[in-house]
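The paragraphs below walk through one protein model. Keep the sequence and the coordinates open while reading.

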Amino acid sequence: MAHPVPPARRPPSSLPPPGPPGRGPGGPVRRPADLPPVHAAVICVAAPCLAISPEHGQLTGRGLDGIYRAGRRLLSRCLLRVAGRDPVAVQGRSLGADRAGFTATVRTGAEPGPDPDVGVDRVRHADGTERITLRSFSSRRLRLPVEISLGTDLADLGAVAAGRAGPDLPAGVHAGGLRWSTPAAQTVTTAEPPPDDALASMGLLRWELDLAPGETRTIELRTAQERIPRPAVGQPAGPLAAARAEGDDPRIEAFFRTSLDDLRALLLRDPAEPADAFAAAGVPWRCGLAPAEALWAARLALPLGTGLAAATLRTLARTQESGKGSGGGRIPGPLRAAGHRLPAGCTGTEATLAFPVVLAEARRWGLPEQELAGLLPAAERALGWLRRTAGEDGLLADPVPGPRRVETQAHAHRAAVLGADLLAACNRPGAEEWRDWAARLRERFREAFWIEGPAGGAPAAAVHPDGRPLAHLTGASAHLLDTGLLGGGRPAPGLLDKVRTEQLARLLGAPAMDSGWGLRSLGAKEAGHNPFGHHSGAVRVHESALAVSGLLAAGFEKEATGLLRGLLDAAEFFGHRLPEMYAAPQRTAGSAPLPHPAACRPAAVAAAAGIHLLTAVVGIRPDAPAGTVALDPVGTAPLGELRLAGLRVAGEPFAVRASRLGLGMVEEAADALQLGG
């Protein structure tokens, strides 16, 4: 049964984005002048729920500390005291995408010497549940007074980030805990076992616990909004397959598992159609629908099945502008800062161009025909917008009027080529016209963007409206290698010819662009390079992953392998949870990648990039409509043996192994699927 696409509406945002960049889905969003740093925070997410904790685990009420749901802080303070003392923090770490653990000790004085005699383990979940376990190490019975100080301001995350959260609200006693309320919201924290005493005026819960030697006692706190609408009944299971990875490199399993867990934790339901899920862009700053990031995440995660892609496409089709005017067919999206050289770009342009690409590639991975039929009209409308919006010079400006960015031309060309392939496969008119349009864009791009030089030349970062090129080498040029997938497992043609592709591969693999930890967003030799700059030097994970897969598809294994190993090494430093971006001064012995203070972590595109990286190494190129799948593993086997299982091709489980000799073998596949290509 086809999924009809109703008229346009605003993108849903279960967690309204409070900060950068530009306009949010519901209107203008002003970012604070200085975002609070989050790189040292321990963040758990199970969208729309979020917990942000300092490394010691005590929620202090300062900064971003707190339990959040749908962008509102339900609890900002949760301070534990045992025997009148603050526990001494020993360790804080993530236990998974949705939970974190904090270990501390207390010395009560019951035993002589400096050793602690009580251990404290706290496990905090994104949904507002916390289990506090106290264990006696003492040789004698202990009577422990335990106090937990609670408080909240019920502030929006945007106000918290801007330093406008306001004072704590007065608490009221609730059965087994405390309650806070404003005209707009109410929250309750309950405790099990109930406290012996609850002091609302002080926001304090108290217990007197008796612990025999070696005994443990647990207090469970639950923080939740009151009067939360009940979720829709009968929602389907998550749209991502329970895949797994293993291999000679011991980091592979953890990296793949963490990427998958993070992506699942960021899934939100469209309030208008709860059966449809999409990936929130990232926490803590972009916890709602960001159309371009949602489509990138869905595309990079296609090896896990077409469910997320189909649901994301349906969600965005409902936001698509109607009519045949200048905006008809466009998917709205916020502005995104582009550094000091270029004006902010519109992510709506990127999303509109990505729509037909994701649909075309989802078809290759096995999107059912009835779902394809329901989404095809929206893809045709997106292509119509591209035709009307491209300039007389054949290039696409972003914003209009404005510069022609290198990545925007790559997105437009990919949309035209894969859009033509999609139209032809579905017996829709216009395929040849789009192939001709793409051929003209290739010619015009090489004339306008390629800057010749004694070392072989390089693509410009952009071309100004007057035709002047902006001669900087950027990580965005990696999009020129991301050409898309056609039938029979063939990579689509790109904007560059073979000679220029080889030159770009050399440039991306050189130290000026390859930091040793991933691809820089701006070359180290360029004026204005800043290793922490989002578009001026920091490593952007999804662009690095696209560079790896694009270089592999073009046959440049050496350059791809350098970037691949750098990303895996960086992931290890970040506990296998890559942020959306990070700083990477040139790698030397003993150096390390540096966290960006404002980067989202986890982030949907970074998590999906982890899936994409490992499937690119194996070289899976499906053509489900033709009943074939091609394998093109990296011949040098840079990770040794690699096995991926639980993937989805043609709607069925798919498992593949790449050997240490660079040979690929399918271990599980749909009965009707044949190895080809």
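The model is predicted, and the peptide bond that joins Glu192 and Pro193 is modelled as cis, with omega about 0°. Asp398 and Pro399 are also joined by a cis peptide bond, again with omega about 0°. Pro399 is located in the loop between H6 and strand E25 (404–405).

How far can the coordinates be trusted? The protein chain has an average pLDDT of 92, and 93% of the residues score at least 70. Residues 1–32 are a stretch where pLDDT stays under 50, although the model gives them 83 contacts beyond four places in sequence. Residues 228–236 also stay under 50, and for them the model has six contacts beyond four places in sequence.

Two loop residues have backbone angles to look at. Leu154 is not a glycine, yet its phi is positive, about 50°. Leu154 sits in the loop between strand E13 (142–151) and helix H1 (157–161). Is Leu154 buried or exposed? Buried means under 20% relative accessible area, and Leu154 has 4%, so Leu154 is buried. Ala637, likewise a residue other than glycine, has a positive phi near 45°. The loop that holds Ala637 runs between strand E34 (628–631) and strand E35 (642–649). The relative accessible area of Ala637 is 14%, so Ala637 is buried.

Helix H4 spans residues 307–317 and is mostly covered, with 10 of its 11 residues buried. Among the buried residues of H4 are Leu308, Leu313 and Leu316, and also Arg314 and Thr315.

The aromatic side chains are the next topic. A pair of aromatic rings is described by the distance of the centres and the angle of the planes. How many aromatic pairs does the structure hold? There are four aromatic pairs. In one of them, the ring centres of Phe445 and Phe449 are 4.5 Å apart and the planes are at 10°; planes under 30 degrees apart count as stacked, so this pair is stacked. Phe445 and Phe449 both belong to helix H8 (residues 431–449), where they are four residues apart, about one turn of the helix. In an α-helix there are 3.6 residues a turn, so residues three or four places apart point the same way. Phe445 and Phe449 are both buried.

Trp517 and Phe573 form another pair, with ring centres 5.4 Å apart and planes at 90°, so the pair is edge-to-face. Trp517 is in the loop between helix H9 (498–509) and strand E30 (539–540), while Phe573 is in helix H11 (residues 557–573), so the pair ties together parts 56 residues apart in sequence. Trp517 has 1% relative accessibility and therefore counts as buried.

Charged side chains also lie over tryptophan rings. Arg587 lies over the face of Trp517, 3.8 Å from the ring centre. The charged end of Arg387 is placed over the ring of Trp434, at 4.3 Å from its centre.

Terms used: Residues numbered from 1 in each chain as written. Predicted model: local features only at pLDDT ≥ 70, side-chain atom pairs only at ≥ 80, totals over all residues. Heavy atoms only, no water. Buried < 20%, exposed > 50% of the residue type's maximum accessible area, 1.4 Å probe, protein only. Phe/Tyr/Trp six-rings, centres within 6.5 Å; stacked < 30°, edge-to-face > 60°. Lys NZ or Arg CZ within 6 Å of the ring centre and 35° of its normal. pLDDT = per-residue confidence, 0-100. Contact = heavy atoms within 4.5 Å.
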